[in-house]
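How are they paired, and where do the links sit?

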Amino acid sequence: MQTLLVSISLFVMAHGAYVVRSFADATAYRDECVQQYAGRGSSLIDYMRQVALHTDDADSRWCIVRCILQKADLLDGEGAPHEANVHAQMQHSNAIVEDPDDIRSETSRCLREPPASGGGGGGGGCLRAYTFFACIQSTEYDLF
């Protein structure tokens with residue numbers, strides 16, 4: 001039996017199964033990303049929510065949100081939300097919810113949101129990530 005469990009564990013590790021992230025992980029990613037983009041730090045959720053107040057340019061705040069989502073493996077190589085990982089993260093973060101289908105429905109709605117346009121020089125990808133995050137934040141569920 002132990003051999004079977006070890007074999008299954010190795011198989012999952014070899015195939016890159018998504019590892020659910022904690023709020024502490026997201027906070028550490030925020031610290032790294034704030035430093036990378038020379039942004040100002042504050043609490044993770046307050047920081048990510050305040051970005052919505054500053055939509056006049058493709059500034060680093062949007063890119064910090066994208067950086068956090070990338071470090072959490074919630075964005076694919078193109079910068080679009082990685083659907084399977086997002087669903088896994090949302091299901092884990094909201095495990096006490098009685099209706100997991102509602103979580104999947106809300107997550108799917110945000111995944112279908114059209115990518116935001118605008119912002120110069122790389123800002124479009126940052127804005128696209130932020131638009132996805134803002135949609136998730138508009139639900140009653142948590143990403144981390």
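The torsion about the S-S bond of Cys 33 and Cys 67 is about -75°, so this disulfide is left-handed. Cys 33 belongs to helix α2 (residues 23–36) and Cys 67 to helix α4 (residues 60–71), so the bond ties together parts 34 residues apart in sequence. The model is predicted. In it, the two sulfur atoms of Cys 33 and Cys 67 lie 2.0 Å apart.

Are these two cysteines buried or exposed? Buried means under 20% relative accessible area. Cys 33 has 0% relative accessibility, so Cys 33 counts as buried. Cys 67 has a relative accessible area of 4%, so Cys 67 is buried too.

Helix α4 also carries Cys 63. A disulfide joins Cys 63 to Cys 126, with an S to S distance of 2.0 Å. Cys 126 sits in helix α7 (residues 123–137), and the pair links distant parts of the chain, 63 residues apart. The angle about this S-S bond is 95°, and the link of Cys 63 and Cys 126 is right-handed. Both ends, Cys 63 and Cys 126, are buried.

Helix α7 takes part in another link. Cys 110 and Cys 135 form a disulfide, with their sulfur atoms 2.1 Å apart. Cys 110 is in helix α6 (residues 100–112) and Cys 135 in helix α7, so the pair ties together parts 25 residues apart in sequence. The torsion about the S-S bond of Cys 110 and Cys 135 is about -80°, so this disulfide is left-handed. What of burial here? Cys 110 has a relative accessible area of 2%, and is buried. Cys 135 counts as buried at 5% relative accessibility.

Now put the links together. The structure holds three disulfides. Count the bonded cysteines along the chain, and the pattern reads 1-3, 2-5, 4-6.

Step back to the whole chain. What secondary structure does the protein chain have? There are seven helices and zero strands. From the N terminus on, the elements run α-α-α-α-α-α-α.

The contacts can be sorted by sequence separation. Take those between residues at least 6 apart in sequence: 61% of them join residues at least 24 apart.

Last comes the surface. The protein chain has 144 residues, and 35% of them count as buried. The chain exposes about 8200 Å². Carbon and sulfur atoms supply 53% of that area.

Key:
Residues are numbered from 1 along each chain as its sequence is written. This is a predicted model: local features need pLDDT of at least 70, side-chain atom pairs count only at pLDDT 80 or more; totals for chains, interfaces and linings use all residues. Side-chain values use heavy atoms; hydrogens and water are left out. Helices (H or I, at least four residues) and strands (E, at least two) are DSSP runs, numbered from the N terminus. Buried means under 20% relative accessible area, exposed over 50%, partly exposed in between (1.4 Å probe, protein chains only). Contact means heavy atoms within 4.5 Å. Accessible areas come from the Shrake-Rupley method with a 1.4 Å probe; for residues, only the protein chains shown count as cover. A disulfide is a pair of cysteine sulfur atoms within 2.5 Å.
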